[in-house]
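Hello,

Here is the structure we talked about handing over. Please open it beside this message, and then read on for what turned up.

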Amino acid sequence: MADLSYLDAIILGIVEGLTEYLPVSSTGHLTITEKLLGLEVDDPAVTAYTAFIQIGAIAATLIYFFKDFVRFALAWFRGLRDTEARTDPDYGLAWAVIIGSIPVGIVGFLARGIISGPLRSLWVVAAALVLWSIVIVVAERMHTTFERQGRLRGEHSVRPIDGLIIGLVQCFSLIPGVSRSGATISAGLALRIDRVTATRLSFFLAIPALTAAGLFQAVEEKDGLSALGIGPVLVGLLVAFLVAYATIAWLLRFVANHSLLPFVWYRVILGVLLVGVLGAGLLSAT
């Protein structure tokens, strides 16, 4: 059984909070960090802990966007009762989030054995970090073209079909190293959605996906999770919440005036460095 100290919990909480919403892959970074800390990445307790502390990041999102979620929920319920209320853009956005959350839930459940097993290899993380960077670059170039043509769309133009497409792309984030936010934001940019709206939509889609993953893993591996100790688990959760809240605020300001290309350089450098370390035998892949 994995031995998780308070220091380990704090470090993993910081890594989760920093990387969950940045397009650099939180799962990939957590896997690397766990290996450096001497933890067994395929240990069920460690896998459950990795998923469970995501709830801290979820709580940060819920609090940061609380007014938005209330607005969407009210618009959705009004639209269910009143035909005229369905013209409210928030009604369509609410459906986009609901529909977009379904694919990753289905794929994640069906492929859970592969996700928590073979895909936890650092070779997979390294490859995904580099290869998905190509997708981000292509999405950025498409977005730049749309921007020059004056064809970008804002939050009130988001439709359920947008949510479905972004939700399908989000399934790729189940591969460690791809990044859930990297996948969803890239998909939004390619759909002509402006940067801030695409980023906000990525946050909204994170709630159902991360909540389901965290709770499912916690229930399925409750014995292993409890064996880690309630103290370290709660500390990691709190640290993840605090760091994630600050990260959300920073990222929204950053994307308002910058592209995702700085993250691409980081992903590629980290991926190549990881390949070198694994190839030299300095770190085991699993």
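Which residues line the second largest pocket? Before the reply, one caution: this is a predicted model.

**The pocket**

The lining consists of Leu62, Phe69, Phe72, Ala73, Trp76, Ala94, Val97, Ile98, Phe204, Ile207 and Pro208. By class, that makes 11 nonpolar residues, with no polar and no charged ones. The volume of this second largest pocket is about 180 Å³. Three helices each supply at least two lining residues: helix 5 (66-81), helix 6 and helix 11 (195-220). Helix 5 gives the largest share, four residues.

**Trp76**

Trp76 is worth a look in your viewer. Trp76 sits in helix 5 and is one of the residues lining the second largest pocket. Setting aside neighbours within four places in sequence, Trp76 is in contact with Tyr91, Ala94, Trp95 and Ile98. Trp76 and Asp90 are 14 residues apart in sequence. In space, their C-alpha atoms are 7.3 Å apart.

**Helix 6 and helix 9**

Next, the pairing of helix 6 (residues 89-110) with helix 9 (residues 160-170). Their axes come within 7 Å and cross at roughly 25°. An angle under 35 degrees counts as roughly parallel, and helix 6 and helix 9 are therefore roughly parallel to each other. Their crossing is right-handed.

Who makes the contact?
- From helix 6: Gly92, Trp95, Ala96, Ile99, Gly100, Pro103 and Val104.
- From helix 9: Pro160, Gly163, Leu164, Gly167, Leu168 and Gln170.

By class, this contact has eight nonpolar and five polar residues, and no charged ones. Trp95 takes part in the contact with helix 9, and Trp95 is also among the contacts of Trp76.

**Leu237**

One last spot. Leu237 lies in helix 13 (residues 230-255). How far apart are Leu237 and Ile55? In sequence, they are 182 residues apart. In space, the C-alpha to C-alpha distance is 7.0 Å. Leaving out neighbours within four places in sequence, Leu237 is in contact with Phe52, Ile53, Ile55 and Gly56.

Best wishes

How values were computed
Residues numbered from 1 in each chain as written. Predicted model: local features only at pLDDT ≥ 70, side-chain atom pairs only at ≥ 80, totals over all residues. Heavy atoms only, no water. Axes fitted to C-alpha atoms, helices over the stretch in contact; angles between N-to-C directions. Parallel < 35°, antiparallel > 145°, perpendicular 65-115°, else oblique. Left-handed = near helix turned anticlockwise from the far one by under 90°. Contact = heavy atoms within 4.5 Å. Nonpolar A, V, L, I, M, F, W, Y, C, P; charged D, E, K, R; others polar. 1 Å grid on protein atoms, 1.4 Å probe; cavity = no way out; pocket = protein on both sides within 12 Å on 5 of 7 lines; lining within 4 Å. Points joined across faces, edges and corners; volume = space filled by probe spheres on them.
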